[in-house]
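The structure is shown first.

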Amino acid sequence: MLTNLILYSGFSGITVFIGALLANIFNHHVKESPVKYEIVHFLMSFGAGIILSAIALVLIPTGMERLSLAGMAFSFVLGTITFLFIDRYLAKKGGQTATLLAMMMDFVPEAIALGAVFAINPGMATLLAVFIGLQNLPEAFNAFRDMVQSGYSISKSLVIFFFLSFCGILGALLGHFVLSDFPNLTAHLMTFASGGILYLLIQEIIPESKLDNNYIASLGASLGFLIGIIGEKLI
């Protein structure tokens, strides 16, 4: 059973590194053109839609199910305020890491949930692992490009994303062995993450994905959200 959990969570995490590799190939082996520019913005919107679906369909429903109104509101506002200050700090340093932060705030709580769910329903855990893995691919693609543009070297960024891909295994093991007995704490974590992610989406990611006089890029957000709906329906 433990081997299966590591394999499932490992799959959900390895797409973080794969997304970074694809972004690197796309950046350096696809020549600059208006089409390339539109594809980049489409993928940014697509990733934003997927992140939004994670908030609406996975993270917030867990908080609403387990927590009181006051507890849920406290965790959500705390997450929002925390990431407001983090974003301001990073802005002063001149970095573009909002997409990376949003991806990890989405990925880690879901990996923890994967570990907790695995003990109860292995079949549902399998679908959840696939869903998380599909989410991580476009999110990592966008986050890698942001990191390189903010001044990180390609090699350093790839190393960072390689190690981040193991967060899925660590989160799943934490959820399985520790937090499965504390569902309310997991719900607080997910609601906290929701507040932070929503702030980053509205403040940083969605404005960056907008492309003047182009409607295809914005369509990506709807398609990304649809992926979330499909994943939630299957789960």
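The text below treats individual helices and then two helix pairs.

The model is a predicted one. Helix H1 covers residues 2–29. Its 28 residues reach 40 Å from the first C-alpha to the last, close to the 40 Å expected at 1.5 Å a residue. H1 bends by about 30° at Phe 11. Helix H2 comprises residues 34–66, and at 1.5 Å a residue these 33 residues should span 48 Å; the end C-alpha atoms are 47 Å apart, which agrees. In H2 a kink of about 35° is found at Ile 60, shortly before the proline Pro 61.

Two packed helices are described by the angle between their axes and the distance between the axes. The table gives these values for two pairs.

| Helix pair | Angle | Axis distance |
|---|---|---|
| H1 and H4 | about 165° | 10 Å apart |
| H4 and H7 | roughly 45° | within 6 Å |

At about 165°, H1 and H4 are therefore roughly antiparallel to each other. H1 passes H4 in a right-handed crossing. On the H1 side the contacting residues include Tyr 8, Ser 12 and Val 16, and on the H4 side they include Met 103, Phe 107 and Gly 115. The residues of this contact comprise seven nonpolar, five polar and no charged.

The axes of H4 and H7 cross at roughly 45°, which makes H4 oblique to H7. H4 passes H7 in a right-handed crossing as well. Among the contacting residues are Phe 107, Ala 111 and Gly 115 of H4 and Gly 168, Gly 171 and Leu 174 of H7. By class, this contact has 10 nonpolar, five polar and no charged residues.

Methods. Residues are numbered from 1 along each chain as its sequence is written. This is a predicted model: local features need pLDDT of at least 70, side-chain atom pairs count only at pLDDT 80 or more; totals for chains, interfaces and linings use all residues. Side-chain values use heavy atoms; hydrogens and water are left out. Helices (H or I, at least four residues) and strands (E, at least two) are DSSP runs, numbered from the N terminus. The expected span of a helix is 1.5 Å times one less than its number of residues. The bend at a residue is the angle between axes fitted to the seven residues ending there and the seven starting there. Axes are lines fitted to C-alpha atoms, for helices over the stretch in contact, and angles run from 0 to 180 degrees between N-to-C directions. Angles under 35 degrees count as roughly parallel, over 145 as roughly antiparallel, 65 to 115 as roughly perpendicular and the rest as oblique. A crossing is left-handed if the near helix is turned anticlockwise from the far one by less than a right angle, and right-handed if clockwise. Contact means heavy atoms within 4.5 Å. Ala, Val, Leu, Ile, Met, Phe, Trp, Tyr, Cys and Pro count as nonpolar, Asp, Glu, Lys and Arg as charged, and the others, Gly among them, as polar.
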